[in-house]
Amino acid sequence: MKNVFYFSLLIAASLYACSGKKAEQQTADPDKPVTDPITLYNEIDRTSAPNTITETEKTKGWQLLFDGTTAKGWHGYNQEGVPDCWAIEDGTLTMKSVGAQEEQDLITDKQYKSFVLSLEYKLTKSANSGVLFHVKEDPKYKFAYETGPEFQVIDHENWRDKLEDSQINGSNYSMYPPKSKPYKALGKWNQLMLVVNGNDVTQILNGTETVQYTKYSDEWTKLRNSGKWTSFPDYGKFDEGHISLQNHGTKVWYRNIMIKEL
């Protein structure tokens, strides 16, 4: 009987220790940075008014990059101020130009390394744009895409030329094709999220992961050293840089632009 009593005490002590350890882990969890892409996607309140930020989003580290009325925090690539080809229209950042000719891209004043970017975009027919990151601003480059990887934004279904799978909406342009095609019909807002966590990059469109890759991996390096990027030796080589909205001379609307640094 005495042995049974001591055995019971031993089990009780073990359970108490495990319970305490578990409670300690749960207490520590709120302080652990959130890096899971879908969890980060779900942090955004998509019912709030455009270009606003909730108190809950603020406590999680989110900041607005566009207030809906000014272009504060943005400037033209290799320029001072905002180029005339960009406009603020009905609470959106958009392009004035037409003709599908590459024009002045818009970039953030600040540079970012590891971050989460969330925004909404809406396309017109045959529109072409993109969201780029780790962009190096230097007069020796004409366009942001010469250095920065791109989350492709395009109405590929009506684009005038045949496109490769790695060039359609939701792709990592000319590198990785999208694993799925969750884009919405023309005239509807799409939710885009870009997660850059060190060298790990995840692209999410309307709640679905379309691309995931690791910079400098064997696969990435092989793709980087073939195709289009052989003509652009500095593509993808920077680990910190500006975020850019591409102007390809076609009309796209951007709003609800928010960022969270990791």
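Residues are numbered from 1 along each chain as its sequence is written. In this predicted model, local features need pLDDT of at least 70 and side-chain atom pairs count only at pLDDT 80 or more, whereas totals for chains, interfaces and linings use all residues; side-chain values use heavy atoms, with hydrogens and water left out.

**Figure 1. The salt bridge between Glu 43 and Lys 260.** A salt bridge is a side-chain nitrogen of Lys or Arg within 4 Å of a carboxyl oxygen of Asp or Glu, and a search of the whole structure finds 9 of them. In the pair shown, the closest N and O atoms of Glu 43 and Lys 260 are 3.0 Å apart. Glu 43 lies in the loop between α2 (37-41) and α3 (55-59) and Lys 260 in strand β13 (residues 252-261), so the contact ties together parts that are 217 residues apart in sequence. Helices (H or I, at least four residues) and strands (E, at least two) are DSSP runs, numbered from the N terminus. Glu 43 is buried, at 11% relative accessible area, and Lys 260 is buried at 8%. Here buried means under 20% relative accessible area, exposed over 50%, and partly exposed in between (1.4 Å probe, protein chains only).

**Figure 2. Strand β13 and its antiparallel partners β1, β4 and β6.** Two strands pair if DSSP finds at least two bridges between them. Strand β6 (residues 115-123) is joined to β13 by 8 bridges, with Phe 115 opposite Glu 261. Strand β1 (residues 62-64) contributes 3 bridges to β13; Trp 62 of the chain stands opposite Lys 260, the residue that also forms the salt bridge with Glu 43. Between β4 (residues 92-95) and β13 there are 2 bridges, and Leu 93 has Tyr 254 as its bridge partner. Of the 10 residues of β13, 9 are buried, so this strand is largely enclosed by the rest of the structure.

**Figure 3. The salt bridge between Asp 239 and Lys 215.** The side chains meet at an N to O distance of 3.4 Å. This pair links distant parts of the chain, 24 residues apart: Asp 239 is in the loop between α4 (218-224) and β12 (242-245), and Lys 215 is in the loop between β11 (208-214) and α4. Asp 239 is partly exposed at 34% relative accessibility, whereas Lys 215 is buried at 2%.

**Figure 4. The salt bridge between Arg 160 and Asp 161.** The N to O distance in this pair is 3.7 Å. Arg 160 is exposed, with a relative accessible area of 53%, while Asp 161 is partly exposed at 44%.
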